[in-house]
Amino acid sequence: MDEATLPADGIVGPVEVGSVAHGGHCVARLDGRVIFVRHALPGEVVRVRLTDTSHASFWRGDAVEVLQASPGRTTPRCPVAGPGMCGGCDWQHATPQTQRELKASVIREQLAHLAGIDVDVEVEELPGGTFGWRTRMGYVTRDGRATMRRHRSKELVEVPADGCPLAIEAQPNPHALAAPLGPDEHLLRVATSAEGRTSVLVDGVLSSGEPELVEHAAGRDWRVDADGFWQGHPAAADTLVEAVLDGLAPEAGERAFDLYCGVGLFAGALVDAGVQVWGVEIDKRAVELAQANVPQGRFTAGKVDRVVRRMPRATDLVVLDPPRTGAGKDVIDAVASRNPRAIAYVACDPAALGRDLGRLRKQGYELESLRSFDLFPNTHHIECVAICVPAVVI
């Protein structure tokens, strides 16, 4: 079947759904052509409404009719979590256990394919369940109502009347915040701290609340801008710090680099373990907050790949917490050249993790341990902490 012979309604099938792929969809095939299908699960038989046929090698689509359902399927709690609706949730149609199994499969495949590493993966559940966890939310307002975007689209879908079910319960209903804004479209951001204080920004300008929030993690208080980065799940910061410290086993008097340090979360935990830390972050405001949060550390604002060239030629430990694109060749090579005894790589994208671990292998480092956490339930996003050490030469 080609684009010219597609049905007028764009619905094809039945097709049998294959394995999960990175990005919140599964792989199906129709007459030899790959279709990336959302809202399906491996092993199901579905009919698919095609949403993108512009690529020669693959199409995209939504499962709009399930003919044979997976045992892992469940009914989404949110009325706009489904085909053609809000793009924020990828896996509400899967049970929590199934979601974690799918994410583990993605991590295994990405590490095997991109790094040549075969590893068992268990995605660990965080406390609090799969709804009511997100402390930071973004909406687009339209006609005084809160909306979110459809998947891979600028089209808007109105949030349910009682708000997004992922949002932490302490947050106000977004429609109440949107109502005074009138008919024009605005970007509405809502951030709630661990102690329940909420700040609201409209088009990047503080509308209510405080410009800074105070978060609690790793035995410290952290000042964070209301529009700055902090992990969205209330248990995430403590969970990641514990995994990093357990993996690195820092000793008093050691030296460490904290690269992509944000407001200093890992630097603070290392300092409290007696380690001398130098943190680097491109966001100047985040560096100001990191210095205030961790006065015992040293922090530099700048691009990591440039600043790291000026840093000492040796260090004991390195923490890497790069953005979704990963650290990249220049940073990985610079880190490996310092010969640290251990590297903790905190990854929010398994593909980037696979690429960077593959580069570390070429530079003489091997994966010692991997932990994965379901910090973003009902979405395809996943967080990993990989510990790498110098490879043993036999």
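1. Start with Trp-222. This tryptophan is buried, with a relative accessible area of 0%. The model is a predicted one. Trp-230 is buried too, with a relative accessible area of 10%.

2. Aromatic pairs come next. The count is 3. In one of them, Trp-133 and Phe-376 have ring centres 6.3 Å apart and planes at 70°, so the pair is edge-to-face. Trp-133 sits in the loop between strand 6 (123-124) and strand 7 (136-142), and Phe-376 in the loop between strand 20 (365-373) and strand 21 (383-390), so this pair ties together parts that lie 243 residues apart in sequence. Both Trp-133 and Phe-376 are buried. Another pair joins Trp-222 and Trp-230: the centres are 6.4 Å apart and the planes at 35°, so the pair is tilted.

3. Two arginines lie over aromatic rings. Arg-77 is placed over the face of Phe-131, at 4.6 Å from the ring centre. Arg-298 is placed over the face of Trp-278, at 3.6 Å from the ring centre.

4. Rolling a probe the size of a water molecule over the atoms shows where empty space is left. The model has 3 cavities of 30 Å³ or more. The largest cavity holds about 50 Å³ of space. Its lining consists of Val-20, Ala-21, His-22, Gly-23, Gly-24, Trp-91, Leu-102, Lys-103, Val-106 and His-380. Strand 1 (11-21) and helix 1 (96-115) are the elements that give two or more residues to this lining. Helix 1 has the largest share, 3 residues. By class, the lining of the largest cavity has 5 nonpolar, 4 polar and 1 charged residues.

5. The second largest cavity contains about 40 Å³ of space. Arg-100, Glu-125, Leu-126, Gly-129, Thr-130, Asp-374 and Pro-377 form its lining. Here the classes are 2 nonpolar, 2 polar and 3 charged residues.

6. Look closely at Lys-103. This lysine belongs to helix 1 and is among the residues lining the largest cavity. Is Lys-103 buried or exposed? At 3% relative accessibility, Lys-103 counts as buried, since the cut-off is under 20%. Leaving aside neighbours within four places in sequence, Lys-103 is in contact with Trp-91, Val-123, Asp-374, Phe-376, Pro-377, Thr-379, His-380, His-381 and Ile-382. Phe-376 is the ring paired with Trp-133.

7. At 4% relative accessibility, His-233 counts as buried. Beyond neighbours within four places in sequence, the contacts of His-233 are Leu-126, Pro-127, Trp-133, Leu-375 and Pro-377.

8. Check the backbone. Most residues other than glycine have a negative phi, and most peptide bonds are trans. Asn-339 has a positive phi, near 55°. Asn-339 is exposed, with a relative accessible area of 59%. Asp-31 also has a positive phi, near 50°. This aspartate is in the loop between strand 2 (25-30) and strand 3 (33-38). Asp-31 is exposed, with a relative accessible area of 61%.

9. The bond is cis, with omega about 10°. Pro-14 is part of strand 1.

10. Last, Ala-179. This alanine is in the loop between helix 2 (174-178) and strand 10 (186-192). At 48% relative accessibility, Ala-179 counts as partly exposed. The C-alpha atoms of Ala-179 and Gly-144 are separated by 4.0 Å, and the two residues are 35 residues apart along the chain.

Conventions:
Residues are numbered from 1 along each chain as its sequence is written. This is a predicted model: local features need pLDDT of at least 70, side-chain atom pairs count only at pLDDT 80 or more; totals for chains, interfaces and linings use all residues. Side-chain values use heavy atoms; hydrogens and water are left out. Rings of Phe, Tyr and Trp (its six-membered ring) pair if their centres lie within 6.5 Å; planes under 30 degrees apart count as stacked, over 60 as edge-to-face and the rest as tilted. Helices (H or I, at least four residues) and strands (E, at least two) are DSSP runs, numbered from the N terminus. Buried means under 20% relative accessible area, exposed over 50%, partly exposed in between (1.4 Å probe, protein chains only). A charge sits over a ring if NZ of Lys or CZ of Arg is within 6 Å of the ring centre and within 35 degrees of the ring normal. On a 1 Å grid over the protein atoms alone, a cavity is a set of points where a 1.4 Å probe fits but cannot get out, and a pocket is an open set with protein on both sides within 12 Å along at least five of seven lines; lining residues have an atom within 4 Å of a point. Grid points are joined across faces, edges and corners, and a volume is the space filled by probe spheres set on the points. Ala, Val, Leu, Ile, Met, Phe, Trp, Tyr, Cys and Pro count as nonpolar, Asp, Glu, Lys and Arg as charged, and the others, Gly among them, as polar. Contact means heavy atoms within 4.5 Å.
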